[in-house]
Amino acid sequence: MSTLLTGATGFIGSFIARNNNDFNCVVRKNERRSFNLSFGIDKLDGNTNWEGAFSHIDSVIHLAGLAHSRSCINKDYQSVNVDGTLHLANEAAKGGVKRFVFVSSIGVNGTSSSDVPFSILSTVNPNNDYAQSKYDAEIGLKKISTETGMELVIIRPTLVYGPNAPGNFGSLARLVFRFPFLPFALVNNRRDFISVQNLADLLVTCAKHPKAGGHTFLASDSETVSISEFTQAIAKGFRTNLFQLPVPIGLMCLAGKLLGKSIMIEQLVGNLEVDSSNLKEILDWIPPYTMEQSMAFLKPEK
């Protein structure tokens with residue numbers, strides 16, 4: 001028996017696929033396939049044809065979906081992240097799959113953890129259409145799990161970083177690599193992150209561990225750092241020097257407001273801390289890589 005991996009060509013999925021040759025990797029039919037085992041689909045939505053996908057499959061790791069993007073509207077997120085996910089789960093349950101591992105988002109909890117870390121008991125507060133679609137999928141998956149008996153594991157990762165990471169980390173890494181000075185010397189916030197190496201290891205563990213079923217996990221490296229410490233860690237990974245300037249936080253927030261970048265500034269200077277202790281308690285899982293070890297995998301831009 002094996003695992004079906006969706007999103008196998010994405011940032012996180014490709015890392016998992018490279019290190020698990022026995023996984024059956026879902027790809028678009030027109031994509032180049034470089035996997036030992038693959039299953040082709042036209043697109044992910046509520047009508048995807050999954051016939052034949054679950055032969056000799058006992059677990060699914062579902063990474064595929066629409067990420068947060070300005071070009072997507074709520075209808076797009078609902079079609080792919082909700083309808084596509086729930087259709088896949090229903091078909092997987094019919095096909096005899098025992099466990100469904102769903103990669104959600106810490107955005108389900110909100111944009112800022114204030115002074116108290118997010119935990120599995122925290123009130124949810126989806127911060128945009130993308131996060132809402134992930135939460136809607138969580139609700140639907142729990143209903144399917146209850147009705148069919150297929151075990152469900154929900155993972156809400158913090159910001160995922162690593163070589164060639166897209167999105168916010170990719171932008172931040174480029175900033176660190178290109179500029180020797182950043183304005184974060186006075187920022188003493190608390191944020192959690194998770195490396196792609198650690199998240200991949202956790203997802204594979206959740207697909208196989210006998211106690212994982214029925215749980216929600218907030219995934220992090222378990223190393224809470226400030227944005228100053230995080231950018232210094234990136235610079236060390238790039239083997240370059242970075243100097244932090246003492247720019248007042250209020251001034252950065254004002255600049256963000258004037259430039260229409262308030263959300264971005266909040267993500268840099270605000271808190272987003274999570275309680276990941278149930279990973280150790282339930283799975284006996286600790287991140288195999290420290291932040292410093294994970295950053296060492298970064299590759300300088302050419």
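The questions and answers below concern a predicted model and treat its sheet and some of its helices.

Q: Which strands stand at the edges of the open sheet of seven strands?
A: The seven strands of this open sheet follow the order 3-2-1-4-5-6-10, and their pairing is parallel. Each edge strand has a single partner strand, so one side of each is left without a neighbour in the sheet, and this applies to strand 3 (37-41) and strand 10 (216-219).

Q: Which residue stands opposite Val101 in strand 6?
A: Strand 5 (residues 99-103) is paired with strand 6 (residues 151-157) in the parallel sense, over five bridges. Within strand 6, the residue opposite Val101 is Val153.

Q: At about what angle does helix 5 run to strand 5?
A: Helix 5 (residues 196-208) lies across several strands, among them strand 1 (2-6), strand 4 (57-62) and strand 10. Strand 5 and strand 6 are also among the strands that helix 5 lies across, and its angle to strand 5 is about 155°.

Q: Is helix 7 roughly parallel or antiparallel to helix 8?
A: The axes of helix 7 (residues 249-258) and helix 8 (residues 262-269) come within 7 Å and cross at roughly 155°. Because angles over 145 degrees count as roughly antiparallel, helix 7 is, relative to helix 8, roughly antiparallel.

Q: How many charged residues does the contact of helix 7 with helix 8 have?
A: From helix 7, Ile249, Met252, Cys253, Gly256 and Lys257 meet Ser262, Ile265 and Val269 of helix 8. Sorted by class, this contact has five nonpolar residues and two polar ones, while the number of charged residues is one.

Terms used
Residues are numbered from 1 along each chain as its sequence is written. This is a predicted model: local features need pLDDT of at least 70, side-chain atom pairs count only at pLDDT 80 or more; totals for chains, interfaces and linings use all residues. Side-chain values use heavy atoms; hydrogens and water are left out. Axes are lines fitted to C-alpha atoms, for helices over the stretch in contact, and angles run from 0 to 180 degrees between N-to-C directions. Helices (H or I, at least four residues) and strands (E, at least two) are DSSP runs, numbered from the N terminus. Angles under 35 degrees count as roughly parallel, over 145 as roughly antiparallel, 65 to 115 as roughly perpendicular and the rest as oblique. Contact means heavy atoms within 4.5 Å. Ala, Val, Leu, Ile, Met, Phe, Trp, Tyr, Cys and Pro count as nonpolar, Asp, Glu, Lys and Arg as charged, and the others, Gly among them, as polar. Two strands pair if DSSP finds at least two bridges between them.
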